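Good morning, everyone, and thank you for making time for this. Please have a look at the sequence and the model on the screen, and then I will walk you through a few places in it.

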Amino acid sequence: MWLNNNVTEFILLGLTQDPFRKKFLFAMFLLFYMGTLLGNLLIIATIKTSQALGSPMYFFLFYLSLSDTCFSTTISPRTIVDSLLKEATISFSECIIQVFTFHFFGCLEIFILILMAADRYVAICKPLHYMTIMNRRVCGMLVAIAWVGSCVHSLVQIFLALSLPFCGPNEIDHYFCDLQPLLKLACSDTYMINLLLVSNSGAICTVSFLMLMVSYVIILRSLRNHSAEGRRKALSTCVSHIIVVILFFGPCIFIYTRPATTFPMDKMIAIFYSIGTPLLNPLIYTLRNAEVKNAMKKLWRKKLVSDDRK
């Protein structure tokens, strides 16, 4: 158990030990993180200040951007700093906290994506009852349930991490703490824990992905009964959601549904869903959504006008 561990800190080997490549990674991660913050915080500010974006879809998009911001923040700042260090270390407690927050906000993003799919299903398949079913109270309760579910999932990860005995090697062959790299350092048989990991994280990723794809297939089939303009608008929104789902779930399923084996490409794939996806989501939702773009333009014009009056 945790109190019997001889290891008090871990060494993060990161993506490379080459000094020149580490400087390149510093610049790349810093650029990606600043882009993630700018894009997601801009969406959050736009939705909060725009009366035109008051529908449930934008209510959920607000929380998706919030989870993306927090999800990236659990990894990127430390990775940026570590890329400047000759040897990056992380204490046992900090490692456990990172495991919790990473899985919490990652799972929250999964649940928010499911809620967004449910919202699109009701809006397209039951348009006459949309505002009755997806009222603000119901949406608030659904988001609260998503937060609680994410917390439960993360607590399971912490329980699994704390049950691992560490008594020797402390070099994590990764750029952040996660259960799979930690399993390789445990000085006991980890077969059952790995099985629990697959049945927890792996099942959440796989089942959620299948649910989402089935729901969007049903939605797209129902568009045949809509007008050409209605089909175009609904299709544009759904395609944005589907792109985000594939970009996020593809790498997650590859990482978390395997037995206790690692591949050299794992760290690169982890970059994609931990840093790349939070950066791409704002671009996907804004470039394909005229309402969000118009609201951002109005927000920017208000900012310019207020600056001119000062």
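This is a predicted model: local features need pLDDT of at least 70, side-chain atom pairs count only at pLDDT 80 or more; totals for chains, interfaces and linings use all residues.

Let me begin with Ile284, which touches Ser240, Ile243, Val244 and Leu247 when residues up to four places away in sequence are not counted, a contact being heavy atoms within 4.5 Å. Residues are numbered from 1 along each chain as its sequence is written, and side-chain values use heavy atoms, with hydrogens and water left out.

Ile284 belongs to helix H10, residues 266-287, where helices (H or I, at least four residues) and strands (E, at least two) are DSSP runs numbered from the N terminus. Is Ile284 buried or exposed? Ile284 counts as buried because its relative accessible area is 12%, and buried means under 20%, exposed over 50% and partly exposed in between, with a 1.4 Å probe and protein chains only. The C-alpha atoms of Ile284 and His241 are separated by 8.6 Å, although these two residues are 43 apart along the chain.

Now let us turn to the charged side chains. Side chains of opposite charge can pair when their charged atoms come close. A search of the whole structure finds 4 salt bridges, each being a side-chain nitrogen of Lys or Arg within 4 Å of a carboxyl oxygen of Asp or Glu. Which residues are linked in a network of salt bridges? They are Arg78, Asp82 and Glu94.

In one of these pairs, Arg78 is joined to Asp82, with the closest N and O atoms 3.9 Å apart, and both residues lie in helix H3, 4 residues apart, which is about one turn of the helix. An α-helix has 3.6 residues a turn, so residues three or four places apart point the same way. Arg78 also meets Glu94 in a salt bridge, at 3.4 Å from N to O. That pair links distant parts of the chain, since Arg78 is in helix H3 and Glu94 is in helix H4, 16 residues apart. As for accessibility, Asp82 is buried because its relative accessible area is 10%, whereas Arg78 is partly exposed at 23% and Glu94 is partly exposed at 38%. Elsewhere, Arg120 forms a salt bridge with Asp119, the closest N and O atoms being 2.8 Å apart, and both of these residues are buried.

Ser83 is buried, because its relative accessible area is 11%, and its side chain reaches the backbone oxygen of Ile80 at 2.6 Å.

Finally, please look at helix H6, residues 136-162, which has 27 residues and reaches 39 Å from its first C-alpha to its last, close to the 39 Å expected at 1.5 Å a residue; the expected span is 1.5 Å times one less than the number of residues. The buried residues of H6 include Cys139, Val143, Ala146 and Ser150, and the buried residues of this helix pack against helix H2 (56-73), H4, helix H7 (179-183) and helix H8 (191-222).

Terms used
A polar contact is a pair of N or O atoms within 3.5 Å; within protein, one must be able to donate a hydrogen and the other to accept it, and residues adjacent in sequence count only if both atoms are side-chain atoms.
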